Amino acid sequence: MVLMHTLAQACLRGVPPEVEAIAREEGLTSHAAARAVARGRIVIPANPARPHRICAIGEGCRVRVNVNIGTSGARCDEDLEVEKAKAALREGADTLMDLSTGGDLARIRRRILELDVPVGTVPIYEAVRRAGSAADVDADLLFSVIREHCKQGVDFLTLHCGVNREALESLRADPRTMGVVSRGGAFHVAMMAATGEENPLYAEYDYLLEILAEHDVVASLGDGMRPGALVDAGRLAKTTEYLALGHLAKRALAAGVQRMIEGPGHIPADQIGYNVRTIKELTDGAPLYLLGPLVTDVAPGYDHVVGAIGGVIAAMNGADFLCMVSPAEHLALPDVRDIVEGTRVAKVAAHIGSLSRGAGQTKNREIRMAEARRSLDWEKQFEAALIPDEARRIHERDGVIETCSMCGDLCAIKMVREILPVPEERMEP
């Protein structure tokens with residue numbers, strides 16, 4: 001394999017400008033950030049083909065939020081997807097993923113790539129659309145689509161390399177109620193079932209790494225065997241995929257390719273810590289990217305809340321990157337309102353997760369809010385709020401008053417602040 005000069009390799013020789021920038025943003029020393037990138041503990045999705053603002057994901061960084069947008073075969077409106085993408089960014093999304101499966105996929109992707117944000121895609125979706133069915137996708141087509149996405153400026157690709165024949169046999173040996181719920185995972189299962197051959201992303205993994213290294217694109221090693229229901233959380237296929245992803249993560253790092261791991265789907269709250277720590281151990285601390293996890297299956301319409309609960313627990317145990325779950329999850333293609341609500345809730349979960357990791361900036365925000373509440377300074381409270389417009393809207397429903405309308409003239413803060421001394425608060429450096 002001919003190794004390219006990737007960001008991870010550059011970090012072995014010094015501190016690239018991108019790493020200097022994220023170190024300042026995250027409160028890390030530049031050399032510590034560079035070591036973390038070189039060791040695969042931090043990834044920076046930043047395809048050199050397209051300039052945009054960057055963010056760091058992983059060890060020592062704040063928990064980040066991704067938002068999925070994209071058309072479907074049943075509902076295809078390019079303008080709506082762009083509007084949803086912009087709404088997600090206004091609400092604080094750190095990255096976007098274009099999961100489009102309907103319409104002119106290349107044109108939709110170009111429009112999303114015009115936005116100032118790291119963007120991810122799932123190339124197998126386009127490969128299936130071009131071939132007509134998953135069973136008709138071959139290695140040449142799949143790798144061609146992957147290369148096109150890289151050239152177009154996509155920063156990270158979900159690649160279901162761990163959905164191999166061994167994982168498929170595990171699924172057959174230990175059947176699950178929901179089978180395979182990952183769309184990409186199902187496509188690869190269909191390919192293997194039709195041909196009897198190995199998943200090309202697994203069989204030709206070294207070639208895949210060459211493409212990613214050439215374009216310095218992050219591999220997001222997909223969780224194609226994630227459980228889609230709590231009843232399936234303990235089945236074998238998930239663990240078989242974990243083991244494969246551990247080996248693949250190490251091979252990517254050796255090739256100078258940045259990578260992160262996806263997982264683990266629908267699992268009970270008490271199993272999240274174990275699963276996160278297991279993935280982290282198997283992948284030598286690679287950044288972990290997850291949807292949810294979903295900790296109950298019986299709250300459709302509120303799955304964004306369910307995912308936030310799981311996301312906080314996961315972040316407390318080492319997860320680094322939360323994918324927004326919308327209120328429409330399991331029900332419909334999200335609209336703009338769903339994107340806004342899901343992003344807001346995910347942002348709150350990420351903030352709580354970041355607090356659990358000791359991120360100084362997040363603690364400082366908490367201190368600013370406490371001081372503003374002590375002073376009944378509403379403007380400073382709104383400045384410290386994660387969702388300031390909504391906080392302002394609710395407060396002003398009862399008109400402009402000094403206190404909140406619940407306590408009114410019986411405000412505990414007003415009564416006690418003149419009695420007790422104010423402690424000296426110290427911000428984190």
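How many helices and strands does the secondary structure of the protein chain come to? The count is 19 helices and 10 strands. Helices (H or I, at least four residues) and strands (E, at least two) are DSSP runs, numbered from the N terminus.

This is a predicted model: local features need pLDDT of at least 70, side-chain atom pairs count only at pLDDT 80 or more, and totals for chains, interfaces and linings use all residues. Residues are numbered from 1 along each chain as its sequence is written, and side-chain values use heavy atoms, with hydrogens and water left out.

**Figure 1. The protein chain as a whole.** Along the principal axes, the C-alpha atoms fill a box of roughly 75 × 50 × 40 Å. Of the 429 residues, 55% count as buried (under 20% relative accessible area; exposed is over 50%, partly exposed in between; 1.4 Å probe, protein chains only). Among contacts (heavy atoms within 4.5 Å) with a separation of 6 or more, 73% join residues 24 or more positions apart.

**Figure 2. Ser100 in the loop between β4 (95-98) and α5 (105-113).** Ser100 is buried, at a relative accessible area of 6%. Its side chain makes a polar contact with the side chain of Asp98 at 2.6 Å. The Ser100 side chain also reaches the backbone nitrogen of Thr71, at 3.1 Å. A polar contact is a pair of N or O atoms within 3.5 Å; within protein, one must be able to donate a hydrogen and the other to accept it, and residues adjacent in sequence count only if both atoms are side-chain atoms. Beyond neighbours within four places in sequence, Ser100 is in contact with Ile69, Gly70, Thr71, Leu105, Ile108 and Tyr125.

**Figure 3. Ser354 in helix α15 (residues 336-356).** Ser354 is buried, with a relative accessible area of 2%. Its side chain reaches the backbone nitrogen of Val63 at 2.8 Å. Leaving aside neighbours within four places in sequence, Ser354 is in contact with Arg62, Val63, Ala359 and Thr362.

**Figure 4. Ala21 in helix α2 (residues 17-26).** Ala21 is partly exposed, with a relative accessible area of 28%. Ala21 and Ile54 are 33 residues apart in sequence. Their C-alpha atoms are 8.7 Å apart in space.
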